[in-house]
Amino acid sequence: MAGRIARRVLSLLSGQRRLALAAAAFLLAVMAAVAPARPARAECIFPTAPTTYEDLKDRSLFLTTIELAAANMLFPGDPYFGIPNLEFGPRTSRSTQPGRVPPTLMKAISWIESSITQAAVDVPFGSIGPALVSFDCGHGIAQVTSGMTVALGEGGRASPEQALVATHFAYNIARGAAILADKWNQAPELRPVAGTDTNGLPELLENWYFAVWSYNGFTGPGANRSNHPMDPVYGTWPRPQYSCGPSGDGKGHNRANYPYQELVFGCIANPPIVDGRPLWQGIPVSLPDLSNPAWREPLKLANFVFPYASMDIPTPQPFHLDPTPLPDPRLRERVLGSPQLRVSRPEVKLGVAPGSGSTVETITIENAGTGVLAWYAMATEPWIVLRPYAGAAVGPNLPCAPQAPCDRNGKLEVTVDASRAPPGRRTAAIRIQALGTGQSFIVTVEVSQVIRLGVPGITRH
Amino acid sequence: MATRARRPLLHYSKAAALPRSAPTFPPLRLAGALGLIFVFAGVLLLVLDLLRSPSPAPVPGAAEYLVLAEFGPSADTVYRVDPARPSRRSRLLRVPHAPEYGMIASASPDGRAFAYTVLPPETPAPAPDTPAELWTASMDGTAPRRLGVAFDLRVRPLWSPDGSSLVVRRSGSAIDPPAGTEGPYELVQVRVPDGAASVLARSEVALFPAGFSPDGRTFYYAAVSRAGSDLYGVDTVALTGAPVARLSDDLTRDWALSPDGSRLAFLTLTPDGPRSRSQVQVLELATGALAAVGEAGDEFGPAWTPSGGLTLGALRGGAGAVLLDGEVLGSRPRGFDVPLSWSRSGARVAARSFDGPSATSPGLASLVVIGRDGQRRTIAQGEVTFIGWTYR
């Protein structure tokens, strides 16, 4: 077919135009051959990013979710998605209190990490598409990287928890808050303490300095991703305060020039403006005063030695509390919804030609309820191939922007790995779960051998 | 995906310069009238410009222009600016980049080209250590060329004295480091004509380009680690390296090699009674002698004049001054300046100016030019980055 088309095109061209076309094709080929290759992206746990829901541009749903997660009102007590108790007190005498993260801190981190978006860059607001996955396997809003670089599920697949992080914004945010709390709790055994003069209380935004530093990697002077405030990699000294606000506010906006914790603290103080409105009320968080030995001495090179016990600092002054009130508990229902799993067919029949290929069948997964249904499929036999095996089915209550891609249903493609399938007629099963709801559905798979596969386009090796 | 209100390009509204009593014209001659109005406005602007505070004295020979980049959320714009008339900008190039991560650029010694590292716009969830691309472009904004990929975004490209090559850094995932290490780091010399690359130095600790000897034969770099800062030299022909001197037991930064290659100035933080201060120190490469320059207060931005004079910004008692070989070149009662680079003629120095009281509260930044007579002229405000000087 392609050859016939090519011949038809060439027959319409004059000799000179053919020569020009050939020259252009040759030039393109040469350019492609000599152009330096892009570096390969790190392998992450999903062969292709699963689908997810992206909020509308105002981020109101995601911001509400962040407030719930910060208050540990989403999944309290859950070992993976809940916030643990937070430690406080002097280095040698620690106590704990119920875990809560300052919500504005979590919002700023989410903005810095992903502009508070769950889906890939080219997925419009208010639509459904592939999840955001970064170069280093950070996933979604909170760019969860910890535990997302190695598949932890059966058969080398992502685990259900990992699938939730990638497909469901609420679980992603909750996991990010839990990780931030874990970073906090790494002090004093593995990290320094901020707030030696204020009992290290987590209510003070400034006391999160080292935890925020750790969220992006507690790396020090000279490291490739150093977040040390005095590292020479950060351009000329000094530098103005970072801002997430408009470019014309007179402050810094080039993220390349700031360590991570200064990006976050600057963003807390100077929130992003979306459609003319700031996403939160700015709080003028203080950074350590590096001209004052009380902060400069702990941060000097000689002290950057694990477990960093000499890096403890007093609370940067003046300190601030987060004035955001606790969210209404009823918002949890609005955020999570009530997903209802509905699967299009209870059985599929596949034909396989041994050593050759297999037919392909598609199962539609629908959310007949509300919210995001994070689906996850597993087969009982290793020669059943599911592609993808996780995704999101979105309920009708979550808005899609006009003309934005909004296929609310999940599509599960089922084939057989002909090189591994045993001979003869076989029966297997696929279990489709709605993660976090306890719902599941079993699809029966009947596989039979065929001599020749059918029409081109539905066969696959 | 995140949108930002773009700061409008700085431009001068010529219509605003007209007096309110400007005469009107019959409709039939409107087009010609508008043309006359613009001509009149242009002449008026020229007169007003000339009547302003005097600009640095003109220097015979090639005219000198600043090249700067104005940051934008998704693209930076490179301009050529006449320091005598900052409102006159020529747009050279628009450089798209990953959201919120601008380019890091430097100008060639002859001012005919500039090089920059940048994260491409399509970079998913960009981060500071995402491998960047290296590009070069001519000062007329034409023909940007990509020289290579997988370099460190934040390490400014360093030009060889003859402009034939650049030194950039590569690290982390771009190199495939040994297990358990954060590096290694490589300083790579990239030939401008064809992008051919050769490794000048490799280490487990972070490396930063410092400068070339005037003949380009020796390349100097700083190695910074938890053990302190050290200076090394590499023979760029034999590709052999050796330590030169210990700079500090702590962090150093903003290294500047003198034009004759005999001295290295840099910044370090040192204790000063109840506080720490940013201090300029100078290393004599031949002897290894290390000496502090100033006595008190904070110092910033060591920069060499073409004839080998040392300029720095000083902040003492809340008042700022620019010093040239210890003498006050210019002062201000509030805020402070960070010298960046002298023009080839030595007539003026570009500096970053802050209006705040200290390095930890620097306030708002702007780009200024300071002449030998101490006269200051604001070139641009907000987030602009000085790339270098060009000449026409």
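**Salt bridges, interface and core**

Modeller: A search of the whole structure finds 27 salt bridges over all chains. This is a predicted model, in which local features need pLDDT of at least 70 and side-chain atom pairs count only at pLDDT 80 or more, while totals for chains, interfaces and linings use all residues. Residues are numbered from 1 along each chain as its sequence is written, chains are lettered from A and ligands numbered from 1 in the order in which they are written, and side-chain values use heavy atoms, with hydrogens and water left out.

Colleague: Why is the pairing of Arg296(A) with Asp250(B) called a salt bridge?

Modeller: The term asks for a side-chain nitrogen of Lys or Arg within 4 Å of a carboxyl oxygen of Asp or Glu. The closest N and O atoms of Arg296(A) and Asp250(B) are 3.3 Å apart, so the pair meets that rule. The pair crosses between chains, from helix α9 (residues 293-296) of chain A to the loop between β15 (240-248) and β16 (252-257) of chain B; helices (H or I, at least four residues) and strands (E, at least two) are DSSP runs, numbered from the N terminus. Arg296(A) and Asp250(B) are both buried, and the count between chain A and chain B is one salt bridge.

Colleague: How do you know whether Glu299(B) is buried or exposed, and what about its partner Arg316(B)?

Modeller: The side chains of Glu299(B) and Arg316(B) meet in a salt bridge at 3.6 Å, N to O. The pair links distant parts of the chain, strand β20 (residues 298-304) and strand β21 (residues 310-316) of chain B, with the two residues 17 apart. Buried means under 20% relative accessible area, exposed over 50%, and partly exposed in between, with a 1.4 Å probe and protein chains only. Glu299(B) has 0% and is therefore buried, whereas Arg316(B) has 34% and is therefore partly exposed.

Colleague: What makes Arg332(B) and Asp337(B) a salt bridge?

Modeller: Their closest N and O atoms are 2.7 Å apart, and the pair therefore falls inside the limit for the term. Arg332(B) and Asp337(B) are buried as well. Elsewhere, salt bridges that share partners join Arg170(B), Glu186(B) and Arg202(B) into one network.

Colleague: How do you know how much area chain A and chain B bury between them?

Modeller: Buried area is the accessible area (1.4 Å probe) that two parts lose on being put together, summed over both. For chain A and chain B this comes to about 5600 Å², 57% of it on carbon and sulfur atoms. Asn224(A), Trp237(A) and Leu301(A) supply 14% of what chain A buries against chain B, more than any other three residues. The contact, meaning heavy atoms within 4.5 Å, takes 64 residues from chain A and 66 from chain B.

Colleague: What makes the largest nonpolar core a core?

Modeller: A nonpolar core is a set of buried Ala, Val, Leu, Ile, Met, Phe, Trp, Tyr and Cys residues joined through side-chain atoms within 4.5 Å. The largest has 167 residues, and those with the most contacts inside it include Leu105(A), Ile384(A) and Leu264(B). Helix α6 (residues 169-185) of chain A gives the most to this core, with ten residues. Leaving aside its neighbours within four places in sequence, Ile384(A) is in contact with residues including Val414(A), Ile430(A) and Val447(A). A second, separate core of 15 residues includes Phe114(B) and Met139(B).
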